[in-house]
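Trainee: I would like to go through this model helix by helix. Where do we start?

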Amino acid sequence: MKVVHTHFEHEGQIYVPLVNWSLYVGCILLVIVFQSSNRLASAYGLAVAGVMLITTFAVIQVARYIWKWSTALSLIVFLPLAFISGLFVLANSLKLLEGGYIPLSIGFVILIVMHTWQWGRGKIREKFKAYPTTPISTIIDMKKAGMKQLPRSFVFMTPDLIKSTKDNIPPLTQIFMERYGMLPRNIVFLTVEIVRHPHVPLRERSEIFILYDEKDSGSIVSVNVRFGFMEDPNVEEVLSSLSNHKELYIDRDFSKWLIEVIHEMVVRGKIKGFLKSFRYSLFKFMSKNANNADHYFGLGIDQPLSIEVFPVVVQ
């Protein structure tokens, strides 16, 4: 979903258009259905009491893990408040059928959506983690041995930063090797990081790890790009500056670079039962409508973009 940060000092102060419009539509529907504030009181009362109770339990965790209070002190201070909030929840639960089911239903639907997304992304991470890849050192040996290479510079997007030749190449690069039977002359592993500061100074924008750099056989470079949460993550601009790096033997013409990204294609496995089938269908729908990383980072606007489709069997 599109997220707009609205404050320079508070990362969590955001505007999410889809959420706001959903609230707008929901409020109109509630007014139409209940027609008066008196009839809406049951739904409102249970919602407020529930928020008070949940917030109290959340503050207990904050006190323990952030304020570093002892467990005993946290419980002594906040359990009485939780008890009072619990009484309010019990009292309002008597009006469950008179409108109290509204906030419970909304919360249940949101819980299902969040849990399904977490479950599905976990399956995808497991699939990528299990995919066999090759160490960077082996790729370097291939280059030194005169392996046939594509005379171009390729940028491979990767979620995990590669720092040394002992690290493995990302699955995207492994798929490229298996498909074409060769390596690009110049390889750039690109990791994009959104930090918890509004802006990142230009001198700290990118960090370059030169893994291999020979004039005759090309180069292997890992780049970590940082953006503040208030900034527009213009990755292509950073890559353009990298093409002018004096210490790298790399194609100076940035227009000849090709950016390689991967899109997951969710495929149904051996799924039995209505609940499991529903969870799979819901995740596939959300995954299909989710914003891809290349769109978020503005890739493929001025530079060629190649997309590898990676099937993920979910079961």
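Trainee: On which residue is the kink in helix 2 centred?

Mentor: First, the ground rules: this is a predicted model, in which local features need pLDDT of at least 70, side-chain atom pairs count only at pLDDT 80 or more, and totals for chains, interfaces and linings use all residues. Residues are numbered from 1 along each chain as its sequence is written, and side-chain values use heavy atoms, with hydrogens and water left out. Helices (H or I, at least four residues) and strands (E, at least two) are DSSP runs, numbered from the N terminus. The bend at a residue is the angle between axes fitted to the seven residues ending there and the seven starting there; in helix 2 there is a kink of about 35 degrees, centred on Ala43.

Trainee: How many Å apart are the end C-alpha atoms of helix 2?

Mentor: The expected span of a helix is 1.5 Å times one less than its number of residues. For the 29 residues of helix 2 (residues 37-65) that should give 42 Å. The end C-alpha atoms agree with this, being 40 Å apart.

Trainee: Are helix 2 and helix 3 roughly parallel or antiparallel to each other?

Mentor: Axes are lines fitted to C-alpha atoms, for helices over the stretch in contact, and angles run from 0 to 180 degrees between N-to-C directions. Helix 2 and helix 3 pack at about 170 degrees, with axes 8 Å apart. Angles under 35 degrees count as roughly parallel, over 145 as roughly antiparallel, 65 to 115 as roughly perpendicular and the rest as oblique. The pair is therefore roughly antiparallel.

Trainee: Is Lys68 buried or exposed?

Mentor: Lys68 sits in the loop between helix 2 and helix 3, and has a positive phi of about 65 degrees although it is not a glycine. Buried means under 20% relative accessible area, exposed over 50%, partly exposed in between (1.4 Å probe, protein chains only). At a relative accessible area of 65%, Lys68 is exposed.

Trainee: And Gln35, buried or exposed?

Mentor: Gln35 lies in the loop between helix 1 (17-34) and helix 2. Its phi is positive, about 70 degrees, although Gln35 is not a glycine. With a relative accessible area of 63%, Gln35 is exposed.

Trainee: What arc do the buried residues of helix 5 cover around the axis?

Mentor: In helix 5 (residues 136-144) the buried residues are Ile136, Ile139, Ile140 and Lys143. They lie on the same side of helix 5, because their arc, taken from the directions from the helix axis to the C-beta atoms, is only 100 degrees.
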